[in-house]
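Me: I have a model open and have not looked at it before. Can we go through it piece by piece?

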Amino acid sequence: MFCIRIASTVCALAALAAQSFAADAPKSATFDVRHELKVMVPEGAKKVRLWFALPQDVPQQKVSDLKIEAPAGHRVEKDSESNATLYLDLNEPKEKEFTIVLTFRIQRQEVKGDLDASKAQPLTEKEKTDLAKYLQANTHVIIDDNIRKLAGEIVGGETNSLKAARKLYDWILQNIDYWVKDPANKKASPVGSSEYCLTNKTGNCTDFHSLWTALARAKGIPTRMVYGSFFKAELDGKDADQSYHCWPEFYVSGLGWLAHDVAVADIFDAVTSHRAYRKRPMTAHEALRLLLGRERDHFDPAVLGALVQTVGLY
């Protein structure tokens, strides 16, 4: 169960990865959150181990008034990325079910990035060392000869990391289809797989961004994946979990960490283009109406707002 109470009418939390083109100060929003996890203990269980994600303090958001209600013996652990997690290890559990409750206040700031390519610099040796883990393959972010070859073909001779990142972004936009555009024929993988996305040319946000991450890392661009929860005004006070969204952040020397969201951008691009499964492409107005109509179950309003503003420029 995921019940949230929003303390601000500004809706601007988890998926604010789209870069804003406005010059005004970043917006912010404050949320009071109650996060519940009900655990049903299997019959005959001798040991129960549980990991429950905690809200993270990062530059874009501040967490306060965190309170934890959980069985005795729980503790807070941190992983290699300093993500805090509530860990519980129960031996011979007596209760057949129990509930863990987190309450906290979170203040989230809109994410904006400097996209001036003239400021981009090659990675220093220190940066390469410090960011080495963001250049490596992972279980579902595969960097093999095929990925390296494809990344090389896409980027060509471009040596500016920001411009190279944009080329990878454009290739994903032109060659991969978000599954919700044609759910009868397209499916997402269950794990966020770069291989699945490349092979099937479709997926959800984790598939899209795992593939982009693999291509970026193959070209020496440090990249990490960020996950967040949707906080929406229409869920204020309701017992509901709106699920998650994810986006990549990539590092450019001279500019720092930058974020993008090619998965959401692909929805608009695809429905306004000629595709085999559509008799005619949608107009820009029809496409925006489609995206805004799926706002409640698939997209974050802040990301769509940034897209609408960008489309409006043209």
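Me: What order do the strands have in the open sheet of three strands?
Reply: The order is 10-11-12, with antiparallel pairing. Strands here are DSSP runs of E of at least two residues, helices are runs of H or I of at least four, and both are numbered from the N terminus. Two strands pair if DSSP finds at least two bridges between them. This is a predicted model, in which local features need pLDDT of at least 70 and side-chain atom pairs count only at pLDDT 80 or more, while totals for chains, interfaces and linings use all residues. Residues are numbered from 1 along each chain as its sequence is written, and side-chain values use heavy atoms, with hydrogens and water left out.

Me: Which strands stand at the edges?
Reply: Strand 10 (223-229) and strand 12 (256-259) do; each has a single partner strand, so one side of each lacks a neighbour in the sheet. From one strand to the next, the twist averages 35°. Angles run from 0 to 180 degrees between N-to-C directions, and axes are lines fitted to C-alpha atoms, for helices over the stretch in contact.

Me: How many bridges pair strand 10 with strand 11?
Reply: Seven, in the antiparallel sense, with strand 11 covering residues 244-252. Val226 stands opposite Trp247, and Arg224 stands opposite Glu249.

Me: And strand 11 to strand 12, how many there?
Reply: Four bridges join them, again antiparallel. Tyr251 of that pair stands opposite Trp257 in strand 12. The hairpin has three residues between the strands, and Gly254 takes a positive phi near 95° there.

Me: Is strand 11 buried or exposed?
Reply: Eight of its nine residues are buried, so strand 11 is largely enclosed by the rest of the structure. Buried means under 20% relative accessible area, exposed over 50%, and partly exposed in between (1.4 Å probe, protein chains only).

Me: Which helices come within 10 Å of each other by their axes?
Reply: Helix 3 (residues 161-175) and helix 5 (residues 205-218), which cross at roughly 145°. The contact, meaning heavy atoms within 4.5 Å, involves residues of helix 3 including Leu168 and Trp171, and residues of helix 5 including Phe208 and Leu215.

Me: What classes of residue make up that contact of helix 3 with helix 5?
Reply: Ten nonpolar, no polar and no charged residues. Nonpolar covers Ala, Val, Leu, Ile, Met, Phe, Trp, Tyr, Cys and Pro; charged covers Asp, Glu, Lys and Arg; the others, Gly among them, count as polar.

Me: New topic. Which residues are on the covered face of strand 3?
Reply: Val48, Leu50 and Phe52 are on the covered face of strand 3 (residues 47-53), and the uncovered one has Lys47, Arg49, Trp51 and Ala53. In a regular strand the side chains alternate between the two faces of the sheet.

Me: What does strand 3 pair with?
Reply: Strand 6 (residues 84-91), through seven bridges, running antiparallel. The bridge partner of Lys47 in strand 6 is Asn91.

Me: Where is Pro55?
Reply: Pro55 is in the loop between strand 3 and strand 4 (61-69). With a relative accessible area of 18%, Pro55 is buried. Leaving aside neighbours within four places in sequence, Pro55 is in contact with Val63, Leu66 and Phe104. The C-alpha atoms of Pro55 and Leu66 are separated by 8.8 Å.

Me: Last one: how many helices and strands are there in the protein?
Reply: Eight helices and twelve strands. Of its 314 residues, 45% count as buried.
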